[in-house]
Amino acid sequence: MAAPQRKLDVVVDSVRRLLRVGATANLLNLLQKQHPADLAEVLKGLQDRERHATFALLIERNGKLAMEALSELDPENGAALLADRSAEDIARFVQELPSDDAAAIIDYLPEELSTSVLELMRRKESENVENLLEYPERTAGRIMNPNVFALDEDLTVGEAITELQAARDVEMVFYLYAVDQRRHLIGVSSLRRLLLVSPETPLKRIMTTDIVSARVDTDQEEVARLVASYNLLAIPVVDESNKLVGVITVDDVIDVIKDEATEDIYRLAGVTRDERVFTPPGESLRMRLPWLAVNLGTAFLAASVVGLFEGTIAQVTALAVFMPIVAGMGGNAATQTLTVVVRGLALGELSWANAKKAVVKEVLVGLGNGLAIGLLAAVVAWIFKGSPMIGLLLGAAMLINLFVAATAGTLIPLGLKAMKLDPALGSSVFITTCTDVAGFASFLGLATIFLRYLQR
């Protein structure tokens with residue numbers, strides 16, 4: 001069980017203090033008492049120099065624990081801790097990791113270093129890693145463990161249990177997979193079922209042929225959805241001819257869910273998935289600036305709409321006070337819709353097949369919110385400026401803009417998904433543009449139409 005955050009904070013502070021005074025023996029003793037997952041959190045809580053010093057001590061004195069902690073880190077940070085070591089050292093350590101963890105770390109090493117590491121690893125481990133790296137990123141093939149436990153369908157339950165007891169180098173076994181002589185996946189049985197029947201029972205009698213599996217080219221997000229939907233602890237991975245080539249366990253799926261959620265949140269905010277809290281300022285600037293430049297362009301587009309109504313604003317300056325309210329409320333409403341829609345797309349709940357129902361629902365919610373918020377805004381504007389007409393126009397513009405927000409917040413991510421793009425990518429930019437333009441155009445346009453009533 002992972003330690004509470006307060007305990008981890010105390011450990012991080014202790015590590016820093018022991019590093020400062022050079023008490024390496026006490027520091028090593030402290031580190032070796034931690035669970036690998038907690039060690040990973042401790043390493044993440046340290047500054048770069050402290051992190052490298054702590055990891056260097058641990059890997060020299062307890063390489064097994066160091067690599068277990070390393071596998072709990074994200075691959076980029078894990079590779080960064082190894083990058084300044086020799087290829088021989090890296091090869092010696094990563095070949096003890098599961099193949100999927102080793103492949104993830106090696107993929108983040110500099111190309112020349114990763115090539116040397118693969119050449120120096122034991123042949124079997126090197127081949128497994130190279131095979132995984134041949135699959136595209138973020139697919140089932142890239143994150144699977146090729147050391148999957150599978151048995152011939154003609155064995156008995158007793159023989160299967162004997163084989164299972166003799167297995168040493170396979171991923172944690174949650175299910176027993178049955179294959180034919182050419183290793184085609186034909187059945188699966190839970191370990192519980194295996195232990196509840198007579199040892200003489202043929203394996204094919206207790207296995208189910210209704211198998212939930214993933215192909216090597218299946219997107220990792222879809223793999224996570226399958227595991228969550230069918231409450232699986234592991235999912236087999238097959239190639240195009242249905243041959244069993246690997247397995248993905250629930251711990252890997254949890255990492256995928258975390259990574260995908262992080263990516264969606266980052267993209268909704270116009271931030272790349274590679275940025276972290278302690279990313280150097282120059283790198284953060286390079287990654288954030290492009291989206292801000294795009295936002296600047298869309299802001300000028302909205303400003304150009306306002307420019308079309310300069311004459312109206314000059315005659316009724318009170319309009320300038322309420323313009324940001326219309327645009328801002330539209331943006332907030334669009335963010336609510338966008339969050340729900342992107343989540344629905346990510347979980348497979350929403351597609352073009354049921355998009356009409358989702359659009360109708362969001363439009364009705366938008367109109368309802370528009371009526372309620374528009375009425376409230378109209379009353380406040382009337383009291384604030386003493387003009388019922390400004391209040392009426394503000395309420396009408398709010399209704400229009402929240403309708404636009406609901407429609408755009410649903411259709412834009414659906415459109416991006418149809419174009420094989422991440423629905424979170426750029427959605428917020430496009431939708432903000434829609435709500436800004438629609439808000440300014442509706443409010444100022446209505447004000448222009450009813451200008452003579454405003455001047456009374």
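This is a predicted model: local features need pLDDT of at least 70, side-chain atom pairs count only at pLDDT 80 or more; totals for chains, interfaces and linings use all residues.
Helices here are DSSP runs of H or I with at least four residues, strands are E runs of at least two, and both are numbered from the N terminus. Residues are numbered from 1 along each chain as its sequence is written, and side-chain values use heavy atoms, with hydrogens and water left out.

**The whole chain**

- Along the principal axes, the C-alpha trace spans about 95 × 65 × 40 Å.
- Buried residues account for 45% of the 456 residues. Buried means under 20% relative accessible area, exposed means over 50%, and partly exposed is in between (1.4 Å probe, protein chains only).
- Of the contacts with a separation of 6 or more, 67% join residues 24 or more positions apart. A contact here means heavy atoms within 4.5 Å.

**Two helix pairs**

- Helix H19 (residues 318-346) packs on helix H20 (residues 355-385) at an angle of about 155 degrees, with the axes 12 Å apart. That makes H19 roughly antiparallel to H20.
- A word on the geometry: axes are lines fitted to C-alpha atoms, for helices over the stretch in contact, and angles run from 0 to 180 degrees between N-to-C directions. Angles under 35 degrees count as roughly parallel, over 145 as roughly antiparallel, 65 to 115 as roughly perpendicular, and the rest as oblique.
- H19 passes H20 in a right-handed crossing. Right-handed means the near helix is turned clockwise from the far one by less than a right angle, and left-handed means anticlockwise.
- On the H19 side, the contact is made by Ala318, Val321, Phe322, Met329, Thr337 and Val340, and H20 brings Glu362, Ile373, Ala381, Phe384 and Lys385.
- Sorted by class, the contact of H19 with H20 has 8 nonpolar, 1 polar and 2 charged residues. Ala, Val, Leu, Ile, Met, Phe, Trp, Tyr, Cys and Pro count as nonpolar, Asp, Glu, Lys and Arg as charged, and the others, Gly among them, as polar.
- Helix H8 (residues 99-107) and helix H10 (residues 123-133) have axes that come within 9 Å and cross at roughly 65 degrees. H8 and H10 are therefore roughly perpendicular to each other.
- The crossing of H8 and H10 is right-handed. Ser99, Asp100, Ala102, Ala103, Ile106 and Asp107 of H8 meet Asn128, Val129, Leu132 and Leu133 of H10.
- The contact of H8 with H10 divides into 6 nonpolar, 2 polar and 2 charged residues.

**Buried spots**

- Leucine 97 sits in the loop between helix H7 (87-94) and H8, and is buried at a relative accessible area of 12%.
- Setting aside neighbours within four places in sequence, leucine 97 is in contact with Met67, Ser71, Ala102 and Ile105. Ala102 also takes part in the contact of H8 with H10.
- Serine 114 belongs to helix H9 (residues 111-120) and counts as buried, at 11% relative accessibility. Not counting residues up to four places away in sequence, serine 114 touches Ile106 and Leu109.
- Threonine 298 lies in helix H17 (residues 281-307) and is buried, with a relative accessible area of 19%. Beyond neighbours within four places in sequence, threonine 298 is in contact with Val429 and Thr433.

**Positive phi and exposed spots**

- Most residues other than glycine have a negative phi.
- Arginine 138 has a positive phi, near 65 degrees. Arginine 138 is in the loop between H10 and helix H11 (140-143) and is partly exposed, at 21% relative accessibility.
- Asparagine 231 has a positive phi of about 50 degrees and is exposed, with a relative accessible area of 65%.
- Alanine 25, in helix H2 (residues 24-32), is exposed at 54% relative accessible area.
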